[in-house]
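Visitor: I would like to learn how to read a structure like this one. Please take me through it feature by feature.

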Amino acid sequence: MAEEDIYTKDGTTDFRSRPAIKKETGTWKACPFILGNECCERLAYYGMSTNLVNYLKSRLNQRNVVAVNNVTNWSGTCYVTPLLGAFLADAYLGRYWTIASFSIIYVFGMTLLTLSASIQGLKPSCDDDHDVCNPKGSQTAVFFVGLYLIALGTGGIKPCVSSFGADQFDDSDEAEKKNKSSFFNWFYFSINIGALVASSVLVWIQTNVGWSWGFGIPAAAMAIAVMSFFSGTRLYRNQRPGGSPLTRICQVIVASLRKFRVEVPKDKSLLYETTDEESVVKGSRKLDHTNQLSFFDKAAVETQTDETKGSAVNAWSLCTVTQVEELKSIIRLLPIWATGIIFSAVYSQMGTLFVLQGNTMDLHMGTSFQIPSASLSLFDTVSVIFWVPIYDRIIVPFARKITGQKNGFTQLQRIAIGLVISIFAMFVAGTLELVRLREVKKHNYYDLKHMPMSVFWQVPQYFIIGCAEVFTFIGQLEFFYEQAPDAMRSLCSALSLTTNALGNYLSTFLVSVVTDLSTRNGKPGWIPDNLNHGRLDYFFWLLGLLSVLNLGVFILVARWYTYKRPVVLAN
């Protein structure tokens, strides 16, 4: 084997910052530690968040609308903080140290949350006979401090783990590159193994044993996640941080504006680029010029005032083609990114309104065992676990024969299929609620806490959302990683995650607006504390209609999208 074939060609290094040796690092031998970390971290996250709306209602004495909005606001924050973690990873720390340091913050948050539900004086005093709690302001504050420390901790993990796993496969090696697509499928599979345990075992423990154990076990799982991650240190391939991506973006914008009167040459080979094989951006391949968004090409036009010989180039006046294409790549991603917001709003209903809908139904399984309504989310997880191997082993090979695409579908086609499926999920949920309200009216069940209609009628809506996730969320993970400039991959992964944040905030906004409009003139509104007097089905129809409109917008922007073109170096 030639010496140049011993090392990876994508610029990755080992844990001692030396060029990574192909046979000794990365690929599937490094992935079990990353997947194990993600499985345990997701068990911790979902073990705490799946039943959170019921904790806020039962222990912190919050009303339906307040509890729902607190959950979606916190969930939204969990998907905003990744912007901070991604910036630090891409610019300064690298993905490895960002994951490591933010994981410690995460463990502190989980520990504080456990203490707030366990220690006398920190946990609210409750009258279990009458199912009433009286939390003090300080107790509520401690709980929310722990909750938002977790949100900060997720900020360094969420945007980096999937990208860090994908970094273990060298794009310049065709065999490794092919395995990268499978990695994203199995990465999402590992997420849902953790979620399955959380939504079944942990939710039952929280409901029937106690919240101290219910939060303590996720805290222990997070500690195991940290140990799993550190165990693989010697096997990891690490991308070097490339400096501040935000600075480079600003430099292109400023240089373009300074040269807004300059004409871009028709021969694009005249635009400024370094003559070296390596890009001026550390840890990034060069990018070929594209014709879209040509205004920003002005930043790469050399003028008499630009001194490129004998002295350093002023990066705020003259930028390389690669820098310009980095900005173009981000701008092209934004319309695709925006169409993920509605999908995330649909997905967020599993942790809020689906749970409250389930609370009104018969929770018994058999004669004595009672299943917590939040545990129904395990059918979403089962759906993902069912569909990931089906997609990877059956659908992709079959689709490959028809489409000719090496991955069966393009990433954008995969996302679109998930958006279509999510529409059905909302219409199924709305139909179930309509049927339930008709039964309430028919038999005068208005004042019953649990009407005699099995909660398992909710299974289809959870299962359909799980199927939609396999297409849309995994498609987004792969799409944002592949289309991101090499030195901005954590940032673009974080960008994809912010759709979840805005989806949660959109849900909060819609619930607040709907509640305000529907409760006027003394009406109970669509989402009252007693859902038997409400019209929750209207809210689900609203989300279904918004999803249809969103699909139309996605199809339009997907047709416009131009894929990035990295420069392929000759051997």
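Guide: Start with a pair of charged side chains. Asp-516 and Arg-520 form a salt bridge, with their closest N and O atoms 3.2 Å apart. Asp-516 is partly exposed at 43% relative accessibility, and Arg-520 is likewise partly exposed, at 46%. Keep in mind that this is a predicted model.

Visitor: How many salt bridges does the rule count?

Guide: The count comes to 14 salt bridges. One of them joins Asp-167 to Arg-95, where the closest N and O atoms are 2.6 Å apart. Asp-167 lies in the loop between helix H6 (137-166) and helix H7 (174-208), and Arg-95 is in helix H5 (residues 82-116), so this pair ties together parts that are 72 residues apart in sequence.

Visitor: Are Asp-167 and Arg-95 buried or exposed?

Guide: Asp-167 is buried, with 1% relative accessibility. Arg-95 is buried too, at 5%. The cut-off for that word is under 20% relative accessible area.

Visitor: Which residues are linked in a network of salt bridges?

Guide: The network links Asp-297, Glu-325, Lys-328 and Arg-332. Within this group, the side chains of Lys-328 and Glu-325 meet at 3.2 Å, N to O. Lys-328 and Glu-325 are 3 residues apart in helix H10 (residues 321-338), which means that about one helical turn separates them. Both of these residues are buried. Glu-325 also forms a salt bridge with Arg-332, and there the closest N and O atoms are 4.0 Å apart.

Visitor: Now the domains. Into which domains is the protein chain divided?

Guide: The assignment gives domain 1 (8-243), domain 2 (245-327) and domain 3 (331-362 + 372-564). Take domain 2 and domain 3 as the example: their centres, taken over C-alpha atoms, are 41 Å apart. Domain 2 gives 17 residues to the contact and domain 3 gives 11 residues.

Visitor: How much area do domain 2 and domain 3 bury between them?

Guide: They bury about 1,200 Å², and 59% of that is on carbon and sulfur atoms. On the side of domain 2, Arg-285, Gln-292 and Leu-293 lose the most area to domain 3, together 38% of what that side buries. The rule finds 1 salt bridge across this interface.

Visitor: What about the cysteines?

Guide: A disulfide is a covalent bond between the sulfur atoms of two cysteines. A search of the whole structure finds 1 disulfide. It joins Cys-126 to Cys-133, with 1.9 Å from S to S. The link of Cys-126 and Cys-133 is right-handed, with 105 degrees about the S-S bond. Cys-126 is partly exposed, at 30% relative accessible area, whereas Cys-133 is buried at 1%.

Visitor: Why is Cys-250 in no disulfide?

Guide: The nearest cysteine sulfur to that of Cys-250 belongs to Cys-319 and is 11 Å away, whereas the cut-off for a disulfide is within 2.5 Å. Cys-319 is in no disulfide either. Cys-250 is partly exposed, with a relative accessible area of 38%, and Cys-319 is buried, at 0%.

Key. Residues are numbered from 1 along each chain as its sequence is written. This is a predicted model: local features need pLDDT of at least 70, side-chain atom pairs count only at pLDDT 80 or more; totals for chains, interfaces and linings use all residues. Side-chain values use heavy atoms; hydrogens and water are left out. Buried means under 20% relative accessible area, exposed over 50%, partly exposed in between (1.4 Å probe, protein chains only). Domain bounds come from an automatic or database domain assignment. Contact means heavy atoms within 4.5 Å. Buried area is the accessible area (1.4 Å probe) that two parts lose on being put together, summed over both. Helices (H or I, at least four residues) and strands (E, at least two) are DSSP runs, numbered from the N terminus.
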